[in-house]
Amino acid sequence: MFLFPILGMLVVRLLSDSKSTARAALLLSLVSLADTIWKLSMFNPAGGVQFLFDQYWVENLGISFKFGLDGVGLIMVLLTNALVPLIIYSSFDREIKDFKNYFSLIFLMQFALLGVFSSLDGFLFYVFWELALIPIWFICLLWGGHDRVRITLKFFIYTLSGSLLMLVGLIYLYLQTPGTHSFDINSFYELALNQEQQSWLFWAFFAAFAIKIPIFPFHTWQPDTYTTAPTQGTMLLSGIMLKMGLYGIIRWMLPVIPLGVSEWSWLAILLAVTGIIYSSAMAIAQKDFKRLIAYSSIAHVGLIAAGIFSLNIMGLQGAVYQMISHGVNAVGLFFISDILLHRMKDRTMNEMGGLAHSSRPFAIGFMIILLGSIALPLTNGFIGEFMLLSGLFSVNAWVAMFAGLIVIFGAVYMLRAYQKIMLGAETEASASFIPLTINEKVLIGIISIIIIITGVYPKPLLDIAGPSLQAILNQAGVSI
Amino acid sequence: MNNLLWLIPVLPLLGFLINGIGNKHIPPAASGWLASLTVLGSFIISAGLFMQLLHDPATVVQADYFQWMNAGAFDLNFGFLVDRLSVIMLLVITGVGFLIHVYSIGYMSHEPDYARYFAYLNLFVFFMLVLVLGSSYVLMFVGWEGVGLCSYLLIGFWFKNQNYNDAAKKAFIMNRIGDLGFLLGMFLIFQTFGSLEYDTVFASASLLPFNEPVLTAITLLLFIGAIGKSAQLPLYTWLPDAMAGPTPVSALIHAATMVTAGIYMVVRSNVLYVMAPFSSEIIAVVGLVTAVMAALIGLKQTDIKKVLAYSTVSQLGFMVVALGTGAYTTALFHVITHAFFKALLFLCAGSVIHAMGGEQDVRRMGGLKKALPVTHFTFLIGTLAIAGAPPFAGFFSKDEILANAYIHSPLMFAVLAITAIITAVYMFRLYFLTFHGTFRGTMHQKDHLHESPATMTVPLIILAVLSTIGGFIGMPEIFHAPHFLNDFMRPVTALADAYKGGHVSHMFEYILIGVTLVILAAVVYLTHKKYVTDGHVPARDSDLVGIQRVLANKFYVDEFFNAVFTRPMDVLSRLSYKWIELGLIDKIVNSFGTVTNGTSSMLRFSQQGNLGYYLFAMVFAIMLMLVYMLVI
């Protein structure tokens, strides 16, 4: 599994021109995807953790290279390996300076993300968690846009300080394990910590995850970073990286410190739901399309987080599904914004208009991705949102109602944006709009098809995650 | 026929895909006929199902295709169900839908973007069919939101015009407000009954005690969805604006089918509503107020489509009153007859607009009956039908609604009867202003007046026939003929029928018919005198005073919404972005950085200003900590 990203990092260094490098990168990322699909076909949903690899790393510290995938992990690996080819493909037809390093860093990112989603050892998890920060930081810093130095520094320090708290938590857990101590997740499961210990451990982990996701009010690094990062960086961040935080809650909080989670989940839900409404309002106020997507992303992941903290199977199942959907839709939306930025040199929506006259495929693709993002039934967004809200509803009807406002607000800002950018009379901007290239059309087409297929027939993916989520809930044995 | 069930929605979907993908490569006439034929195909299969159900009251055709969503106890099938209620809806949707498709071939013939129009229209029919075919609330919701999308796409069909786009967006968002209610209603249903599929839900609901609070909550939440979709107070203002779309769209979506989805939903859920009398009372009141207000507004409109739009809102109010009084079959009856005569009226209006070169203001029409004989005659039939003149279709269904309102509350009956009179007034006003008197348009328009082509007039004639005889499916008792619709629907509304109150006396029926005839005659005489003999033409809006002005401005409801919701939301968003987001939260976060910077400048000797160094230091420190821990 890790082999192909590493291979990718090496191969892209060997080639000399940017075109063949990009192609080779795409090819290698597709090999990773094929490997994942093969794993999916081998996977037995009811069989717990599979593809186990366990080797001591630092034996006397109880640290091991312990990897394995249950249904949730496998879904996250699928998400990563499905999105990376799309992300690499999105860079075709774009001039990228210093392309060798760019693609190497993308592969390093993939490597780290796969590590995060498959580690079953606390220390290993932490190492990959931090490792993931380094390539994305370089991508943003070296290929970013306006004011990138200040913004990436803030992003780096902010997320890092959260992670350090998590490290403290992990070490505390480690020290509680009996005997020679171990970072193995199974030994964490067996700990019987009391309410008070779990209560403060909750905050140590929550700080790291909440910043990464980000949950309101820890989100202020996000819009700046998303806006300034190069398109592929933003896609990596929003499509995959922020799911590290959501995944972390499911894997490292629910089963390990269930009492802490159950004690504080009402507050987490409150923050998440506040964030949904708040960042939707922020999205309404934006004039820059990329920034608008950034804020809408906070609203969507807020709903996912709220669903997880509902601590029931409906919310968790919806959360996992929505992680995939949000990943696909975010990549789609940021690609739309990239197409606009590439052609218009100005992201302000008021300067656009009438683009639907110039490019029909663009108008259709944008519409489908938009519909996925506002969760129209028969698109991927609906499945996740329906289950998330339903899970939340069984916790508290009023909270579900407030969270449900995302249904209305999402339509408000998205349709407004679409109207401003695509509709209206022909303008100078629309007359000079260069039609989409073949590659751009293909990418938008693929994303649109995924949106509809996973919206009409979600069962295969739901079936993979379902039993593992149930096992995690049983392990936790708490409810809100 | 059961094996072909899936084809009913799939045929229009295929039409959508072919027209959508083929787009400009398909010759215009071919795309129009292709779209129409797919709907005709669905109609034929639906008719077959109807025959099958006609002979056997117990038949319910159900087909589950695959498991759609699942999580723990939640298990939802993607399946269709055809019972006597859905088969009637199927016939109305595909039948009227087919006629409007054919009509569009002529109406849109000057439109360059022909294939896109028919693709949207087909997609709409697909979603509408899913709405009535679905075997669970979630599948109904699929169609429910899907038709909302198509309505958005078709209202904004001419997307060059930003006013049209605003109208489209408004329709979508107002519908979404209702949809949130629908969603929450579904969650509550699932929480209460553990399922969202009709058979399970209704079976368990009928076991609950009468007037159970949870049923009241469920029915009210679902009804919020109906308020949005069926344009009831206060979420009705999108419907008049929706007239921005091509006129056949107004006929199909914003009169005959989509807006009746809310009515269908309540009839489908009649088991729940029967058990929740409090909700029913609220529904009746909402319907009543909507019916009155919209009719009053209709009195002062001068745009031919706007008059019809407000009359649609008002007629939907009538149907909702029927729902509130527990007369579910009656509501469905009015859905059917209304589909006939309102589609007819809109299509006639389209024919007029077509002839007038896009003109919609009745103040610039007049005397069109000579140039447009077929349109004139069919419009007259539509007007008689909606005004409730016997023996046209609207008479029977409206009569039933009034009778049920009377049983429920004489006051409600009185208000509704007056509304029916207002309906007759604004409709005859419209009719006389358009077709009688002298022509008030430009010379250019006058020279171009022409009757529409056969693709347009044939659907008009068919709909006129249906508007004339459509009411015979529901004869009142006094005529000693069987009430076909009531008998047919009995299996669906069995529980509701059991709870239903008394009957009106025959005497009441006779009086109602007699009074209706007298009042209608008076209305015709007075409107004819005012608008034809005296040649009165409505004043410009700015010249209106007092209550007339309030009516012409639609009670200022739009202004109210703008002032109370839309504008504050925008301002609040912008202000909180400036003050809370940038001014507060981000400041706090940054201040950590500033403080750290201040401290660290004192510790500068340990700093190289190099992030790689920090990273190294961090890892080193971690190692150190681990080593330390190991030692103890």
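User: In chain B, what percentage of the contacts with a separation of 6 or more is accounted for by residues 24 or more positions apart?

Analyst: This is a predicted model, and its chain B has 632 residues, of which 53% count as buried. Chain B holds 26 helices and two strands. Among the contacts in chain B with a separation of 6 or more, the share that falls to residues 24 or more positions apart is 80%.

User: How are helix α17 and helix α18 of chain B oriented, roughly parallel or roughly antiparallel?

Analyst: The axes of α17(B), residues 393-408, and α18(B), residues 410-435, come within 6 Å of each other and cross at roughly 155 degrees. Angles over 145 degrees count as roughly antiparallel, and therefore α17(B) relative to α18(B) is roughly antiparallel.

User: How many nonpolar residues does the contact of α17(B) with α18(B) have?

Analyst: On the α17(B) side the contact includes B:Leu402 and B:Tyr406, while B:Phe413 and B:Leu416 are among the residues that meet them from α18(B). Sorted by class, this contact has one charged residue, one polar residue and, as the nonpolar count, nine.

User: Which helix of chain A gives the largest share of the side that touches chain B?

Analyst: The contact between the chains takes 43 residues from chain A and 45 residues from chain B. Several helices of chain A, including α6, α13 and α16, each supply at least two residues of the side that touches chain B. The largest share of that side amounts to nine residues, and the helix they come from is α16(A).

Terms used: Residues are numbered from 1 along each chain as its sequence is written. Chains are lettered from A and ligands numbered from 1 in the order in which they are written. This is a predicted model: local features need pLDDT of at least 70, side-chain atom pairs count only at pLDDT 80 or more; totals for chains, interfaces and linings use all residues. Two residues are in contact if their C-beta atoms, placed from the backbone, lie within 7 Å. Helices (H or I, at least four residues) and strands (E, at least two) are DSSP runs, numbered from the N terminus. Axes are lines fitted to C-alpha atoms, for helices over the stretch in contact, and angles run from 0 to 180 degrees between N-to-C directions. Angles under 35 degrees count as roughly parallel, over 145 as roughly antiparallel, 65 to 115 as roughly perpendicular and the rest as oblique. Ala, Val, Leu, Ile, Met, Phe, Trp, Tyr, Cys and Pro count as nonpolar, Asp, Glu, Lys and Arg as charged, and the others, Gly among them, as polar. A residue is buried if 20 or more other C-beta atoms lie within 10 Å of its own, exposed if 12 or fewer, and partly exposed in between; C-beta atoms are placed from the backbone.
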